[in-house]
Amino acid sequence: MLSQRNYRAAIIGTGGIAHAHAEALIGSGGRASLVAVADTDAGRASEFAAKFGVPRSHGSAAELLREEELDVVHLCTPPQSHAPLAIACLEAGVTALVEKPPTLSLAEFDALIEAERRSTAHVATVLQHRFGAGALRLRRLAAAGELGRPLLATCATQWYRDEDYYAVPWRGTWESEGGGPTMGHGIHQFDLLLSVLGPWSEVTAVAARRARSVDTEDVSMALVTFESGAVATVVNSVVSPRQTSELRFDYERATVEVAHLYGYTDDDWSVTPAPGHDDVAALWAAGRTAGSSGHRGWLAAVLDALDQDQAPPVTAEDARRTMEFIAALYASAFTGERVRSGQITADSPFAQKMDGTGTPWEKVRNS
């Protein structure tokens, strides 16, 4: 039986997503305690603390790290602050759990990896869709060879965000958000895709600004080839009135699908066996559980790893593969070229910033 301890946790940034983190911590069964929060808006931090029964609130991350004794910090701030705050946590010997996207660029991410190597603590990206029961079962059956070879996949994040959504100053710019729906919205779905199908080998993509008054793209599409030989399409959008998040995996012996919006349960998954492979349906049904893709399941996996003195999932190396995929998608879209894994080296403009050599459309927002 694993030795469990109680972890002292804090949240930096008390906006919308922080509520999901607080609820996960409170629902951890006593494995973690939310002891403090911080926000540059001290009033909002205080209100958040009162709502969730948090003992202390702080008006800055520096104050929190200086005055609190912590094991983990959940970073729920706007994207441009993720890397500096995560590095500050690592320098303080505190494990940083970073909301997506973890950084604005590959170069920033590599700096984060270096900071982790110098620290006794860890850094992990919050990509909770990997940890729902359906995803865990799919990866287990695929790894065991029960589904046969992966052949084809489709991945779609087609959401709708209006102009009011982009009225928030940090949204819609490369400098503060790092990208459009490819960075901030579709990342959950295609990260799950990558976690199932393994290493990707090349990407051909397009990105466009079709409807929103932003500097980033509002749609992107990619054709992806994997080292296994499987091929996939990836669609990311914030201009789609009928919102959906869908993944479909076609293996030799079955099609496995999930359709949801912002988070799935096991009921959102389905399996269709190929002729002669009805046993796959039985294998799938035998592993059904109630686990969803929310923050609670992800946090349980994080605490399990920490109990064993291991790096929490998703590790920096795991997240870098996803970030490299994003950079490759943008590089292909803005250069018109096919981009291979490993092609974006440290001196590439697409390593320094996701828009790399620049977009084919003009800026419309003040950074």
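The dialogue below goes through some features of this structure.

Analyst: Begin with the ground rules. This is a predicted model, in which local features need pLDDT of at least 70 and side-chain atom pairs count only at pLDDT 80 or more, while totals for chains, interfaces and linings use all residues. Residues are numbered from 1 along each chain as its sequence is written, and side-chain values use heavy atoms, with hydrogens and water left out.

User: Which residues does the domain annotation cover?

Analyst: UniProt positions are given in the numbering used here, feature names are shortened, and annotations may be inferred rather than shown by experiment. In this case the unreviewed UniProt entry annotates residues 137-254 as "domain: GFO/IDH/MocA-like oxidoreductase". Helices (H or I, at least four residues) and strands (E, at least two) are DSSP runs, numbered from the N terminus. Over residues 137-254 the chain is 22% helix and 42% strand, with 14 Å between the end C-alpha atoms.

User: How is the length of a helix checked, and what span should helix α11 have?

Analyst: The expected span is 1.5 Å times one less than the number of residues. Helix α11 (residues 295-307) has 13 residues and should span 18 Å; its end C-alpha atoms are 18 Å apart, so the two agree. Helix α12 (residues 316-335) has 20 residues and reaches 28 Å from first C-alpha to last, close to the 28 Å expected.

User: Which residues of α11 are buried, and what do they pack against?

Analyst: Buried means under 20% relative accessible area, exposed over 50%, and partly exposed in between (1.4 Å probe, protein chains only). The buried residues of α11 include His295, Trp298, Leu299 and Ala301. Contact means heavy atoms within 4.5 Å. The buried residues of α11 pack against elements including β1 (7-12), α1 (16-26) and β2 (32-38). As for α12, 15 of its 20 residues are buried.

User: Is His21 buried or exposed, and which residues does His21 touch?

Analyst: His21 is in helix α1. His21 counts as buried because its relative accessible area is 0%. Leaving out residues up to four places away in sequence, His21 touches Ile11, His74, Cys76, Glu99, Val126, His295 and Trp298. Two of these, His295 and Trp298, are also among the buried residues of α11.

User: What comes just after α11?

Analyst: Asp309 follows, with a positive phi of about 60°, although Asp309 is not a glycine. Asp309 lies in the loop between α11 and α12. Asp309 is classed as exposed because its relative accessible area is 72%. After α12 comes Gly336, whose phi is positive, near 75°.

User: Where are the cis peptide bonds at Pro101 and Val314?

Analyst: The bond joining Lys100 and Pro101 is cis, with omega about -15°, and Pro101 lies in the loop between β5 and α5 (106-118). The bond from Pro313 to Val314 is also cis, with omega near -5°. Val314 is in the loop between α11 and α12.

User: Which residues form the nonpolar patch on the surface?

Analyst: Like charges are joined within 9 Å, and nonpolar side chains (Val, Leu, Ile, Met, Phe, Trp, Tyr) within 5 Å. Areas come from the Shrake-Rupley method with a 1.4 Å probe; for residues, only the protein chains shown count as cover. Here Leu151, Leu152 and Val231 form the patch, with about 210 Å² of accessible area together. Leu152 is in strand β7 (residues 150-160) and is partly exposed, at 39% relative accessible area.

Key: Patches are made of residues with over 30% relative accessible area and no salt bridge: like charges are joined within 9 Å, nonpolar side chains (Val, Leu, Ile, Met, Phe, Trp, Tyr) within 5 Å. A salt bridge is a side-chain nitrogen of Lys or Arg within 4 Å of a carboxyl oxygen of Asp or Glu.
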